[in-house]
Amino acid sequence: MSLTRRQFTALPLGLALPAIDSAFAAETPSLAQAFGQRMRFGMAVRPDQIRDTALAAFIAHQCSILVAENAMKPASLSRGEGQYDFRDADLIVDFAAKNGMLMRGHTLVWHQQAAPWMFKDGAGEVSREKLIARMERYIADVVGHFRGRVYSWDVVNEAFQNGEGGAKTDEAGMRLSEWRRIIGPEFIEIAFRAAAKADPDALLFYNDYESQNPQKVEAVRKMVRGLRAKGVRIDGIGHQMHCARKWPRVDDVAAAIEAFGADGLKQHVTELDIGLNDMPTDTKLTAATDELLQDQARRYAELTTLFMSKRDKLGAMLTWGIGDAYSWYLSWPRKRFEAPLLFDTRLQPKPAFHAVLEAARAAT
Ligand code: G3I
């Protein structure tokens, strides 16, 4: 899967490409290789990166599992009821298959980047029955389209909330999204049943942020127990892991992995990044310092060591982006400086890369 040095240096590196150093991968060890097969290493990618020969080679060299950052969300795929544009998503999924990588499907049911038409009916709001039918059809079509090519689906994303930002939830801690509000809490069960029907072989995950928060851990475990009691298949939990330099506590992450593991759930670290600010709510930084980058590296090492030590429960660790030039923090929900990834804006390995590499090698 990974490129040899000769193959890599033979790649055309045109002037139109982003300002990255042509030696960026030839000299850089592969994290996919360092992690091995028991715990895959991967990244969230964008279609334009796969279209770019040099970036695609970089991705193939570093990853053994991929996820689409946006291209497989309903807002990207759906063009109206029963109408889809699969071109960007197919590009990524086919690229993963050609390079021997697994593919995570992200995501089917979420309160953001949904297909807005689904919630409307004429000038009013869609009825419960119609929304269930639309959701079932969407899942059947999309999961069916990728059947056999997607290893695991984030069937439902971020259904629970911890009251952050004063948000209102239902009594189970469930976010009052349009799904929850119009369908009721059963939207989760309906989504998992539809996904299981559409691809009996894909692993079905529930994915969330702050998944180490004890309150959320208990709410999600209760939800999983409820689903299983009704014979609904749910295979795993995705820990997003959007971290800051001083948050969350590693002990809390370890406890969450143990708790979900005790329920026999598979787990993936699905969206790892570690911002340079102390806490997720801090936005004061405007530039990196050596000290901050070293501290970020130490945090990455600490978490990677934990994840590697839990390989019987954790099957993959993916970073949310390929390098600091492509982090979501640069645009969403507002521009802020975090430089949270393993490669810098020129895709050169940062201290964090070397720390992850060493931690993975030490564990294998
Ligand atoms: O494609 C349009 C473009 O045409 C338009 O000009 C531009 C103007 O704002 O917007 C572009 O769409 C943006 C899209 O990213 C692609 O860049 C959307 O506005 C923006 O909302 C969207 O943000 C994404 C965000 O999810 C939306 O919720 C981020 O890229 C993506 O990294 C982020 O990913 C989420 C995970 O799916 C779930 N967990 C949290 C994670 C980070 O927020």
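I began with the secondary structure and found 13 helices and 11 strands in the protein, where helices (H or I, at least four residues) and strands (E, at least two) are DSSP runs numbered from the N terminus. I noted that this is a predicted model, in which local features need pLDDT of at least 70 and side-chain atom pairs count only at pLDDT 80 or more, while totals for chains, interfaces and linings use all residues. Residues are numbered from 1 along each chain as its sequence is written, and side-chain values use heavy atoms, with hydrogens and water left out.

Next I looked up the overall form, and the C-alpha atoms fill a box of roughly 55 × 40 × 40 Å along the principal axes. I then checked how much is covered: buried residues (under 20% relative accessible area, with a 1.4 Å probe and protein chains only) make up 57% of the 364 residues. For contacts (heavy atoms within 4.5 Å), I read that 77% of those between residues at least 6 apart in sequence join residues at least 24 apart.

Finally I turned to helix H4, residues 53-62, and asked how many of its 10 residues are buried. I counted 9 of the 10, so helix H4 is largely enclosed by the rest of the structure. Among the buried residues of H4 are Leu55, Phe58, Ile59 and His61. At the start of H4, I found that a side-chain oxygen of Asp52 comes to within 3.0 Å of the backbone nitrogen of Ala54, and Ala54 is itself one of the buried residues.

Notes:
Buried < 20%, exposed > 50% of the residue type's maximum accessible area, 1.4 Å probe, protein only. Polar contact = N/O pair within 3.5 Å; in protein donor to acceptor, adjacent residues only side chain to side chain.
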